[in-house]
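Hi,

Here is the structure I said I'd pass on. Have a look at it first, and my notes on the side-chain packing follow below.

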Amino acid sequence: MGKRIGIVSLGYAWLPCEPGPSRFYYIAKMFAEHGFEVDLISSGFQHFEKKPRDKKLIESQNYPFQNTFIEVIPYKKNIDIRRVISNKIAAKRVMDYLKTQTYDLIYCSIPANNIAAKVGKFCHGHKIPFVVDIEDLWPEAMEMVFRVPILKDVVFSFFRKDAETAYRFADAVIGTSDEYTRRAFQFQKRKITNETVYVGCDLDIFDSGALAYSEEIVKEETEFWVTYAGSIGASYDIRTLVLAADRLLKEGHINIRFKILGTGPLKEELEQLAHSLNCVNVEFLGYMNYRKMAAYLRKSDLLVNSFVKKASQSIVNKVGDYLAAGKPMINTLASKEFMALVSEYKVGMNIEAEQIKPLAEAVLSYAKDLDRCKREGVFARTLAETRFDRKISYQQILEIAEKQIRQRERR
């Protein structure tokens, strides 16, 4: 029997038969394919859709690893006191489960900070290598929508304390951007293995999906498609995208069409906004499976990485898919790291967030310069192939895990 790895990710471990990001599925599958016995420890609650997961469907897929579900209290919002309570109870249940198991390494996502902190302390006490994968920064990502100052300070102090605990016990750190990787060492000057491994995508899966659904998606030759794919929530500036579409329509650019893929808490409100403005050039397509989404991105002419000014994200999930599509990108995310990536590799344009006129003008500039679209699209695809293809980039994760296990055996 091979070495056993526990992957703890209650908020991110979604599988191909479900909506949601697939990084931890891919990591689990990769470890299993390299001879490890893998236990993917996730939640019985689907965070992305805020509903119970279909365990029978998951079990019917015959994934090459064990799926362990930790039952948690449901919650309705991403930022909600019930989610805090849910995570607290989940942490205790994770610990109860880990105490019954034996692992050669535990690979754990952060957030949730309190779960990572408890898992790190457990690993330290049992001399199990502990690898932290930083998916997001809490509480930084919450501060833009949590508007009760005194309560915010109290609650967020616990988030920060838990984050530092997790980083203190980590034997290795992997971040999904350089900014996230550096965060682990902001207050702790430790010399441990650390790498940035972008979320990325599997180009083979993306390309096969784009091909399979290509004929199903009909696009008129005269149309210029501008597409957003992802969550429709507080961090993502879909409102300005709708208002820019309205501006362009009123200026007579009826061939420029906006496709909004995805779902989230603000979807109905923004659909109503588009309807009230009679934006016939905006279509909310809702959630769709990954392979069909790939086809929509490939059919599009221009993609928008649309964030509000205060968004704390860095290099997000959708970037790998956007680049894989081989299309130029308008970016409104103010992350210096990502803005530099867009500029350095010439894959699109950075503009200020929440500005209707600049966004409309940027879209129109691309619609009038198809040669530029093609040129920057080639650069985007090249970047996807060199730095965002999981088959290549995730090998670093495998190598780090193997190194940590070897070091443990030598102790």
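**Aromatic pairs and cores**

F31 is buried, with a relative accessible area of 0%. Keep in mind that this is a predicted model. Y107 counts as buried too, at 1% relative accessibility. F31 sits in helix α1 and Y107 in strand β6 (residues 105-110), so their pairing ties together parts that are 76 residues apart in sequence. Ring pairs also bring them into a cluster with Y12, F24 and F36.

In total, the structure holds 15 aromatic pairs. Another one is Y25 with Y63: the ring centres are 5.7 Å apart and the planes are at 65°, so this pair is edge-to-face. Y25 belongs to helix α1 (residues 23-33), while Y63 is in the loop between α2 (55-59) and β5 (66-70), so the pair ties together parts 38 residues apart in sequence. Both are buried, Y25 at 13% relative accessible area and Y63 at 15%.

Now for the cores. The largest nonpolar core has 68 residues, and I238, F258, I260, F284, L323 and V363 are those with the most contacts inside it. Beyond its neighbours within four places in sequence, I260 is in contact with residues including Y228, I232, L241, V282 and F284. There is also a second, separate core of 42 residues, with I41, Y97, C108 and F169 among them.

Two charged side chains are worth a look as well: K259 lies over the face of W225, 4.5 Å from the ring centre, and R372 lies over the face of Y366, at 4.2 Å.

Cheers

Methods: Residues are numbered from 1 along each chain as its sequence is written. This is a predicted model: local features need pLDDT of at least 70, side-chain atom pairs count only at pLDDT 80 or more; totals for chains, interfaces and linings use all residues. Side-chain values use heavy atoms; hydrogens and water are left out. A nonpolar core is a set of buried Ala, Val, Leu, Ile, Met, Phe, Trp, Tyr and Cys residues joined through side-chain atoms within 4.5 Å. Buried means under 20% relative accessible area, exposed over 50%, partly exposed in between (1.4 Å probe, protein chains only). Contact means heavy atoms within 4.5 Å. Rings of Phe, Tyr and Trp (its six-membered ring) pair if their centres lie within 6.5 Å; planes under 30 degrees apart count as stacked, over 60 as edge-to-face and the rest as tilted. Helices (H or I, at least four residues) and strands (E, at least two) are DSSP runs, numbered from the N terminus. A charge sits over a ring if NZ of Lys or CZ of Arg is within 6 Å of the ring centre and within 35 degrees of the ring normal.
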